[in-house]
Amino acid sequence: MSKTRVSIVTCVNDNDKYESCARESLAESCQNESAELIAVDNTGNLLSAPRALNDGLKRARANIVVCCHQDVIFPPNWVENLLEQITVIEQTQKNWGVLGTFGVAENGMFAGHIIDVHGHFWCEPLPAEVQSLDEHCLIMRKDSGLNFDENLGGFHLYGADLCLEALSKGMSNFAIDAPVKHLSGGKVDADFFETADRLYKKWKQLNTPLPVIQTTCKMIRLQSGLKGLISYRIARIKRKRRRKKVKKLLQAGYDYTTLRHDSI
Ligand SMILES: [Mn+2]
């Protein structure tokens, strides 16, 4: 039997970047066979991210599948760290949906542990239940039956959509304490807004588990009608208040390595 515990899938449109980041930092885990790497060639961006990642997911041999950006650097022993976090989560929640290194908690605060272009974020306590997870690193189980929605298309928000799929099937999603370094920030471009529109059009027709979803980049309405509009307005007011409170705390000397997501 293969001892590969984790399959790590990446949609690659810049092979040099992939080789110097994800592949190089995971070389040891590949050597000791705890992880296998699956690169889905997407030179020229001919495939959408959901399509490319689903291709990788099908090829994965392990039940635990990590989908990461090509510009993510994993510290030594990251695979062991991930498996430990899964053990912690499974003590209370066997049927978890999606895990990630960084996301937005149910109260709208950042949750997770990451080093990126915006700084070092460490929002304890972890693992924490979240409403959405950032796409730079998502973890799922093959046997959960979850996969990416190819109709969503594009290169954004497929993590938020996957979290909604999991929630609608009764699974919970968590940010974990298995930090990685991500070399880019979120890019809110035209493709982002087009994908956000498709996300809204999809979930407003379904029984959306959340009226509004807050991602690490933006807040997106998912419910139509007056009810949806009111939920969206309330969520925005709450976000404004929360941001003010966070700003005050940061001015008082707190930083994102000491701020707890459950204290706001
Ligand atoms: Mn990236």
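Me: What makes L157 count as buried in this predicted model?

Reply: The test is a neighbour count: 20 or more other C-beta atoms within 10 Å make a residue buried. L157 has 26 C-beta neighbours inside 10 Å, so L157 counts as buried. You will find L157 in the loop between strand 10 and helix 5.

Me: How do you know that the buried residues of helix 1 are on the same side?

Reply: Start with which ones they are: Y18, C21 and A22 are buried in helix 1, residues 15-25. They cover an arc of only 100 degrees around the axis, and therefore sit on the same side of the helix. An α-helix has 3.6 residues a turn, so residues three or four places apart point the same way.

Me: What covers those buried residues, and which exposed residues are on the face turned away?

Reply: The cover includes strand 1 (6-12), strand 2 (35-41), strand 3 (64-68) and strand 4 (72-73). The face turned away from the buried side carries the exposed residues D16 and E24.

Me: Why is helix 7 said to lie largely in the open?

Reply: Because of its 27 residues, the number buried is zero. Just after helix 7 comes G253, with a positive phi of about 110 degrees.

Me: How do you know that the length of helix 7 agrees with what a helix should span?

Reply: Helix 7 covers residues 225-251, and at 1.5 Å a residue its 27 residues should span 39 Å. Its end C-alpha atoms are 39 Å apart, so the two values agree.

Me: What makes F102 a buried residue?

Reply: The cut-off is 20 or more other C-beta atoms within 10 Å. F102 has 27, so F102 is buried. F102 lies in strand 6, residues 102-105. Leaving aside neighbours within four places in sequence, F102 is in contact with residues including G112, I114, F121 and A175.

Me: Which residues touch the most other members of the largest nonpolar core?

Reply: Of its 72 residues, these are V9, V66, V98 and A111. The largest share of this core, six residues, comes from helix 5, residues 158-168. Beyond four places in sequence, V9 is in contact with I38, V40, L53, G56, L57, A60, V65, V66 and C67.

Me: Why is strand 10 called mostly covered?

Reply: Four of the five residues of strand 10 (residues 137-141) are buried.

Me: What makes strand 10 a paired strand, and which strands does it pair with?

Reply: Pairing calls for at least two bridges between two strands. Five bridges join strand 3 to strand 10, and these run antiparallel. In that pairing C68 stands opposite C137. Strand 5 (residues 96-100) also pairs with strand 10 in the antiparallel sense, over three bridges. There the bridge partner of V98 is M140.

Me: How do you know that strand 11 is paired too?

Reply: The requirement is again at least two bridges. Strand 5 and strand 11 (residues 172-175) run parallel and are joined by three bridges, with G100 and A175 as bridge partners. Strand 9 (residues 128-133) pairs with strand 11 in the antiparallel sense over two bridges, and E129 stands opposite F174.

Terms used. Residues are numbered from 1 along each chain as its sequence is written. This is a predicted model: local features need pLDDT of at least 70, side-chain atom pairs count only at pLDDT 80 or more; totals for chains, interfaces and linings use all residues. A residue is buried if 20 or more other C-beta atoms lie within 10 Å of its own, exposed if 12 or fewer, and partly exposed in between; C-beta atoms are placed from the backbone. The arc is that of the directions from the helix axis to the C-beta atoms. Two residues are in contact if their C-beta atoms, placed from the backbone, lie within 7 Å. A nonpolar core is a set of buried Ala, Val, Leu, Ile, Met, Phe, Trp, Tyr and Cys residues joined through C-beta atoms within 7 Å. The expected span of a helix is 1.5 Å times one less than its number of residues.
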